[in-house]
Amino acid sequence: MTRPLRIMGVLNVTPDSFSDGGEWFDYEAAVAHGRELAAQGAAILDVGGESTRPGAEPVAEAEELRRVIPVIEALEGEATLSVDTSKLAVARAALDAGATFVNDVTAFRAAPEMAGLVAERGCECCLMHMLGEPRTMQDDPRYDDVVDDVKAFLSERAAFATAEGIAAERIALDPGIGFGKTLEHNLELLRRLDEIAALGFEVVIGASRKSFLGRLTGREDPHQRVAATLATTVLALERGATVFRVHDVAETADALKVAAATLRRDGP
Ligand code: HH2
């Protein structure tokens, strides 16, 4: 089955995200940026109100609701709206406000009831692998075989989601680049992403501006990691990913158009 290629534009309504914290924290700025990302080719806008960067502290539910719900309401109709949350109440309010996609970095472990909610509403979801929790995940992560371990985790989570009534075609899996992974783990997951795609679900890749790219290129400012991100995007496309979670949508759209044409498939 060939799935359409979709760019998921990152819209962080946070003061502390690792690459754009504070840039879109203000409601007006967030909505304007969401519109801009949609115009640049984002089929999905992923609205998040809690940073999951290494070491991040959790955000209270009321505050997360305050950050994301008005932005989702304002962006209805611009693109498929996704909420990046691990909280049941935030996911529910986001779906009520017009979102149709739930992106949960805990893959329904933080709030198992989220699976029933997604099933009932018939919306899409992304289940991501993370070792541990953001506060501590980068403290010496270890695996037997990172790809086998991530695959086993994602298969189990997908089985849980389908058992809760979510249709397989509405489930996307994500290896969770940077979530409890060393540089070598991230590279191994990208190199062998086809093994995750072979599970048969849609695959999301989120390598955008992440710190392993800074380690490889020597670029400390995450805004300077666009070209590095594009390299991961093209490789991930070739290995079976169809959803690309990125901050730099216009550049990603160009790269995917050229890579897709070369691979004789439709672009984003
Ligand atoms: N990465 C981040 C957040 N959410 N969701 C999925 N499915 N995949 C990812 O790789 C992913 C994600 C972290 O990036 P960002 O949102 O830019 O930063 P922060 O968590 O600091 O807000």
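1. In this predicted model, Val246 belongs to strand β8, which spans residues 243-246. With a relative accessibility of 2%, Val246 counts as buried, because buried means under 20%. Leaving aside residues up to four places away in sequence, Val246 is in contact with Ile7, Met8, Gly9, Val10, Ser208, Thr229, Thr233 and Thr252. Val246 and Glu36, although 210 residues apart in sequence, have C-alpha atoms 14 Å apart in space.

2. Strand β8 is one of 8 strands that close into a barrel, in the order β1-β2-β3-β4-β5-β6-β7-β8, and the pairing is parallel. From one strand to the next, the twist averages 25°.

3. Asp84 is placed opposite Asn103 of β4.

4. Strand β4 comprises residues 101-104 and includes Val102. The relative accessibility of Val102 is 0%, and Val102 therefore counts as buried. Again setting aside residues up to four places away in sequence, the contacts of Val102 are Val83, Ala91, Leu95, Met114, Val118, Cys123, Glu124, Cys125 and Cys126. The C-alpha atoms of Val102 and Arg67 lie 16 Å apart in space, for a separation of 35 residues in sequence.

5. Helix α3 (residues 88-96) packs with helix α4 (residues 113-121) at an angle of about 15°, and their axes are 9 Å apart. Since angles under 35 degrees count as roughly parallel, α3 is roughly parallel to α4. The crossing in which α3 passes α4 is right-handed.

6. The contact between these two helices brings Leu88, Ala91, Arg92, Leu95 and Asp96 of α3 together with Glu113, Met114, Leu117 and Arg121 of α4. Sorted by class, the contact of α3 with α4 contains 5 nonpolar and 4 charged residues, and no polar ones. Ala91, Leu95 and Met114, which take part in this helix contact, are also among the residues that Val102 touches.

Technical notes
Residues numbered from 1 in each chain as written. Predicted model: local features only at pLDDT ≥ 70, side-chain atom pairs only at ≥ 80, totals over all residues. Heavy atoms only, no water. Helix = DSSP H or I, 4+ residues; strand = E, 2+ residues; numbered from the N terminus. Buried < 20%, exposed > 50% of the residue type's maximum accessible area, 1.4 Å probe, protein only. Contact = heavy atoms within 4.5 Å. Pairing = 2+ DSSP bridges. Axes fitted to C-alpha atoms, helices over the stretch in contact; angles between N-to-C directions. Parallel < 35°, antiparallel > 145°, perpendicular 65-115°, else oblique. Left-handed = near helix turned anticlockwise from the far one by under 90°. Nonpolar A, V, L, I, M, F, W, Y, C, P; charged D, E, K, R; others polar.
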